[in-house]
Amino acid sequence: MGKNTALRVDNIGVKFRMANERVDNVKDYAIKLLKHELRYHEFWALKDISFRVAKGERLGVLGLNGAGKSTLLKVIAGVLKPTEGTLQRNGRIVPLLELGAGFENQYTGKENVFLYGAMLGYRREFLKEKYDEIVAFSELGDFINVPLKNYSSGMKARLGFSIATIVEPEILILDEVLSVGDAKFRKKSEKKIKDMFDRGITVLFVSHSIGQVRSLCDRAIILEKGHLIAQGDVETVSVLYEEAIK
Amino acid sequence: MSMLGIMARADRIFGEKHFQILYETGIRMKTFYENFKKYQFLLTELVKKDIKLKYRNSVLGFLWTLLEPLLTMIVLTIVFGTILQKKTPHFSVYILTGRLLYSYFSTGTKQALKSIRRNGGMIRKVYVPKYMYPLAASLSSYVTFLLSLIVLVIVAAVQGIRPTWYLVGAVVPLATVFLMVTALGFLLATLDVFFRDLEYIWNVTTMLIMYMSAIFYEADSLLDSKYGFLIKYNPLYSVITNFRNTVVYGKPLESFYVWYPLVVSLVVLVVGLAFFYKKQDSFVLYL
């Protein structure tokens, strides 16, 4: 992989095997096995996906619901292993998708900083060093010592955002529905992301809205039923997308 | 001989292909170790979380870990000691040692069994080495278990049991039982992802294992009977016996009870890990 490539996706395919009826216990499994009724049907959620993202490039991923956008993101984030194909990443990826998905409700905000930070792969010393900064950005104040079960969903999202963005990632994965907290905090978080943009980090932006993709990205790809049907600069692709969804 | 010479020779002995495999295994172990180093802090955090949350919302907190086995011991001693007229020396300590080891076995495996599914939300969203979850479950139960040994020290002292040099040997059953629980944990956690009723099946199985472990009765007279093999070849009974030998009776370790549970645990560990690694990429599809 060249030095200027941030992400390289080669012929990626993801195959799901779905049982016609859900078999999730030993009893059903044994019965179906004996009656030879264990049938599956397979389908490809993604097939033959190849593209590259250069460093500093902002790529929009367009597609309707069920086109395979989330599956692609899961593959890129390393959560889902592709059935075929290869993926090469250059640098640290931070997915700002579901903030605070790993929070423990009985833990206080402070304890969650360390737990969630550990899940993102940060070390204890590093988190200790950055702790004050995280709390300050989240604006939680004294609430940081209160168990998370007493937080509002906005407060949780604020804490999640503050921990996830404490290190500037090389590659940022963004979902269009990133609305963190109240209007004031949203402005602040949008500014933080914009600042990262200005410093030239690589961005993957998932959306089904052309407007947002046009304003944020310089290149785009379109997914349809698991296939990559177009890629190119954002203007050309969004014209194609407009035609496709008509 | 120069390094190059050694490598050339190794090449001739193993053949190029074997050498390649050796080299790749080396690389893989190195990446595994580096990855483990990176997430080592997560392992401590997960273990800490289990232990902290266990005691957070109870008034007696840590005291429960000591009180619970103590109270069970008293009940069992009264029931089996008085009513059945048991004359085993130090019967209460005999019960307590068995109970403590069994309850680690049972809670440790049950926690590990649930670990992948309980953390499903996390696994679906952030990449974390998945073996961390069953390992942390087994480790946190082990820490609680080691702490609960305080009650054994107290009861043994009250009963007038004096430690002998053989006490050092207790390290062997203590280490073996951890290996056993961790090994089973990987196997059970993997199966639990695909079969939701495994939890109930395992609950019944652990109960069966309890009755096969000679916790509140003496096994000596039963070992030669028709079904004695059920106890003798229960690895948990081996561990309990050697623990009692060293701690309660001031006797040396019995060699069969040393190597037998160790071999069984190692086999289960290899099978469990292989199964876990084979299936871990598809966990996310079933959670």
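**Ground rules**

I worked with a predicted model, where local features need pLDDT of at least 70, side-chain atom pairs count only at pLDDT 80 or more, and totals for chains, interfaces and linings use all residues. I numbered residues from 1 along each chain as its sequence is written, took chains as lettered from A and ligands as numbered from 1 in the order written, and used heavy atoms for side-chain values, leaving out hydrogens and water.

**Entry 1: the interface**

I looked up contacts, meaning heavy atoms within 4.5 Å. I found 33 residues of chain A in contact with 31 residues of chain B. Next came buried area, the accessible area (1.4 Å probe) that two parts lose on being put together, summed over both. It is about 2,900 Å² between chain A and chain B, and carbon and sulfur atoms give 59% of it. In chain A, the residues that lose the most area to chain B are A:Val79, A:Tyr107 and A:Met119, together 21% of what that side buries.

**Entry 2: charges across the interface**

I searched for salt bridges (a side-chain nitrogen of Lys or Arg within 4 Å of a carboxyl oxygen of Asp or Glu). The rule finds three across the interface of chain A and chain B. I also noted A:Lys81 and B:Asp281, whose side chains meet in a salt bridge at 3.5 Å, N to O.

**Entry 3: aromatic pairs**

I then turned to rings of Phe, Tyr and Trp (its six-membered ring), which pair if their centres lie within 6.5 Å; planes under 30 degrees apart are stacked, over 60 edge-to-face, the rest tilted. The whole structure has 33 aromatic pairs over all chains. I picked A:Phe137 and A:Phe185, an edge-to-face pair with 5.7 Å centre to centre and 70° between the planes. Are these two residues buried or exposed? Both A:Phe137 and A:Phe185 are buried (under 20% relative accessible area; exposed is over 50%, partly exposed in between, with a 1.4 Å probe and protein chains only).

**Entry 4: rings in chain B**

I looked up B:Phe256 and B:Trp259, also an edge-to-face pair: 5.4 Å centre to centre, 85° between the planes. B:Phe256 is partly exposed, with a relative accessible area of 22%. B:Trp259 is partly exposed too, at 45% relative accessibility. Last, I noted a cluster in which ring pairs link B:Phe186, B:Phe194, B:Phe276, B:Tyr277, B:Phe283 and B:Tyr286.
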